[in-house]
Structure formats: C-alpha cells, structure tokens
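Good morning, everyone, and thank you for making time for this. I would like to walk slowly through one model with you, so please keep the sequence and the picture open while I talk.

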Amino acid sequence: MRIVLVGPPGAGKGTQAAFLAKNLSIPHISTGDLFRANISQGTELGKQAKAYMDAGNLVPDEVTIGMAKDRMAQSDAVNGFLLDGFPRNVSQAESLDEALKADDVKLDAVLDLEVPEDEVVKRIAGRRVCRNESSHVFHVTYSPPKREGVCDVCGGELYQRGDDSEDTVRKRLEVYHTQTEPIIDYYRAQGLVVTISALGKVDEVTKRAMDALKGDK
Ligand code: AP5
Ligand code: ZN
C-alpha cells in the first residue's frame, strides 16, 4: 500500500505510523525524522534545514522533495510506503503525483488524523524524544518511559525537541493551516481522503486507522 498520513503537529502521526507501517509491512518514511537525523549527523542538508525547523517554517521544497524522493527510491519502498510529514504543501503533493505517475503507481489512501488544538498542545508539551532516533517518542503523562529521561527502546537520552517550544508550536500550527491543510482538498478531489479521530488511546486510534484503511470505517 502507498499511504500518506496527514494531521497537525502533535496529532500522533509518528506514533501511529510506527504501528501502521509494522501492521502493513511497509516502511515508515518521515521527512521530519530524516531532517533530524541529518542535523544530528551534521550533514550539509541538516545545516540547510535546521534554521527553518527551529523557526517552525517549512524547509524549502528544493531541499525536501529531493530528499523524500531519494528515500522513496530505496528498495524497501518498492511495494509501498507510509509517508509521514510529506507532502506538506500542494507543490510537494504535485511532485509526488508526478513521481508516482512516472513509476506507473498510485496512492491508495490519505489518512487524515483529526485532533482538537488544545489536545495537540498537551501532546506536544509533554513529548520527549530519543537523541539516538527521533522516531522513539514518549510522553511524560500519556506514555511515560519506564525510567525517567531514558529511552525504553535503545537506552538513549530523552529530550524535548527545540521546535516544541510554545511560540514555535503556534507557528507550526499556523503553517499547518495555511500550507498543509490545502493538500486535504487536493487529495479529496482524487477521492483518497479518509478522516479519523485521533483522540483516545494509541491502540484505539491504530484500530480505527486500520479499519478506515480497509474501507470499513
Ligand atoms: P515533523 O517532525 O513532521 O513534525 P510535525 O508534523 O509538526 O509533527 P510532530 O512530529 O510534531 O507530531 P506527530 O503528529 O508525529 O506526533 P507524535 O506521534 O510525535 O516536522 C518537523 C519540522 O520539519 C517541520 O516544522 C518542518 O520545518 C520540517 N519538515 C518536515 N517535513 C517537511 C516537509 N515535507 N516540507 C518542509 N518541511 C518539512 O505525538 C505527539 C505526542 O503525543 C507524543 O509525546 C506522543 O507520545 C503523544 N501521543 C501520540 N498519540 C497519542 C494518543 N493517542 N494519546 C495520548 N498521547 C499521544
Ligand atoms: Zn531510543
């Protein structure tokens, strides 16, 4: 399956993507995680992305689209993928469509996670991520690690993302409404959008998402 996951910052895209990708046996491709890995490795791409991310803005398409396409071209993504955080504006969605068309394949679904803004703020405020691997995600109240400040998966140090400060979150939400939400209409016109509520326990949301993807919402 080829799936795009969309939803505001802190909706639980990364959390759900990990379970959905496992259930569906497809790679989880997160442009946010790719950027963070580049930043921690000190690559040129990471240096280009950092200032935009710290300010809560989108990284320019010239950098992002190439990185996403390179990742999708890797062999584990040949039979499908779950995209998390890409596309994030209409021009990225158009580029993705062109790339898929060139390979004679199509998206199967765009899963839209709906969460009220006050819940998003609570989820982001308590989020802690692993320094070794930013897809290892915890929450101080909702999914606390067994040992405070230590990743359950790899033992790495947990920290609060620099772009999770109150001001930057406000900016990221604004960017989501103005630049990312329009892709929902873009994909709705293609009949691809399935919207689910992302409220409730993590496993309840995963079940809802799997049912929606199977078509029995
Ligand atoms: P990115 O990393 O994609 O951030 P985001 O979209 O803002 O999403 P988040 O990672 O904040 O949240 P999430 O929805 O994954 O939630 P999570 O599962 O962690 O992008 C960061 C930046 O990179 C962007 O601002 C931009 O600069 C750049 N970028 C990335 N892609 C780009 C692109 N395509 N173009 C241009 N720039 C790009 O969950 C949040 C918290 O809630 C966690 O603590 C979790 O434990 C908890 N939680 C999850 N589910 C539940 C639940 N059901 N109940 C209770 N708590 C829950
Ligand atoms: Zn870890």
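Let me begin with a term that I shall need in a moment: two strands are said to pair if DSSP finds at least two bridges between them. Please also keep in mind that what you see is a predicted model.

With that term in hand, look at strand S3, which covers residues 81-84. In S3, Leu82 is the bridge partner of His28, and three bridges join strand S2 to S3, with the two strands running parallel. Strand S1 also pairs with S3 in the parallel sense, over four bridges, and there Val4 stands opposite Leu83. If you now look at the side chains of S3, Phe81 and Leu83 point one way while Leu82 and Asp84 point the other way, and all of them are buried.

Next, please move to helix H1, residues 13-24. H1 has twelve residues, and from its first C-alpha to its last it reaches 15 Å, which is close to the 16 Å expected at 1.5 Å a residue. Which residues of H1 are buried? They are Lys13, Gly14, Thr15, Gln16, Ala17, Leu20 and Ala21. The buried residues of H1 pack against S1, S2, S3, strand S4, strand S6 and helix H9. Just after H1 comes Ser25, which takes a positive phi of about 55°.

This brings me to ligand 1. There are 35 residues around ligand 1, and those that come nearest are Pro9, Gly12, Gly14, Gly32 and Gly85. Helices H1, H2, H3 and H9, together with strand S6, are the elements that give two or more residues to this shell. By class, the shell around ligand 1 holds 13 nonpolar, 15 polar and seven charged residues.

Let us compare this with the record. An unreviewed UniProt entry carries an annotation "binding site" that covers, among others, Gly10, Ala11, Gly12, Lys13, Gly14 and Thr15. Gly12 sits in the loop between S1 and H1, and this glycine counts as buried because it has 24 C-beta neighbours inside 10 Å, where 20 or more are needed. Leaving out residues up to four places away in sequence, Gly12 touches Leu113, Arg123, Ala198 and Val205. Lys13 lies in helix H1 and is buried as well, with 24 C-beta neighbours inside 10 Å. Setting aside neighbours within four places in sequence, Lys13 is in contact with Leu5, Gly7, Asp84, Gly85 and Leu113.

The unreviewed UniProt entry also lists "binding site" for a further set, including Thr31, Asn57, Gly85 and Arg172. The residues of that set are spread over 142 residues of sequence, and they are also spread in space, with up to 24.7 Å between C-alpha atoms.

Is Asn57 buried or partly exposed? Asn57 is partly exposed, because 16 other C-beta atoms lie within 10 Å. Asn57 lies in the loop between H3 and helix H4, and it touches Tyr52 and Val175, not counting residues up to four places away in sequence. Thr31, in contrast, is buried, with 23 other C-beta atoms within 10 Å. Thr31 belongs to helix H2, and its contacts, apart from neighbours within four places in sequence, are Thr64, Met67, Ala68, Gly85 and Phe86.

One more residue deserves a look, namely Asp112, which is in strand S4 and counts as buried with 22 C-beta neighbours inside 10 Å. Its C-alpha atom is separated by 17 Å from that of Arg172, which is 60 residues apart from Asp112 along the chain.

Finally, please turn to an open sheet of three strands, with the order S6-S5-S7 and antiparallel pairing. The edge strands are S6, residues 137-139, and S7, residues 158-159, each of which pairs on one side only. Strand S5, residues 127-130, pairs with S7 in the antiparallel sense over two bridges, and Val129 stands opposite Tyr159 in S7.

Terms used:
Residues are numbered from 1 along each chain as its sequence is written. Chains are lettered from A and ligands numbered from 1 in the order in which they are written. This is a predicted model: local features need pLDDT of at least 70, side-chain atom pairs count only at pLDDT 80 or more; totals for chains, interfaces and linings use all residues. A residue is near a molecule or strand if its C-beta atom, placed from the backbone, lies within 6 Å of it. Ala, Val, Leu, Ile, Met, Phe, Trp, Tyr, Cys and Pro count as nonpolar, Asp, Glu, Lys and Arg as charged, and the others, Gly among them, as polar. UniProt positions are given in the numbering used here, feature names are shortened, and annotations may be inferred rather than shown by experiment. A residue is buried if 20 or more other C-beta atoms lie within 10 Å of its own, exposed if 12 or fewer, and partly exposed in between; C-beta atoms are placed from the backbone. Two residues are in contact if their C-beta atoms, placed from the backbone, lie within 7 Å. The expected span of a helix is 1.5 Å times one less than its number of residues.
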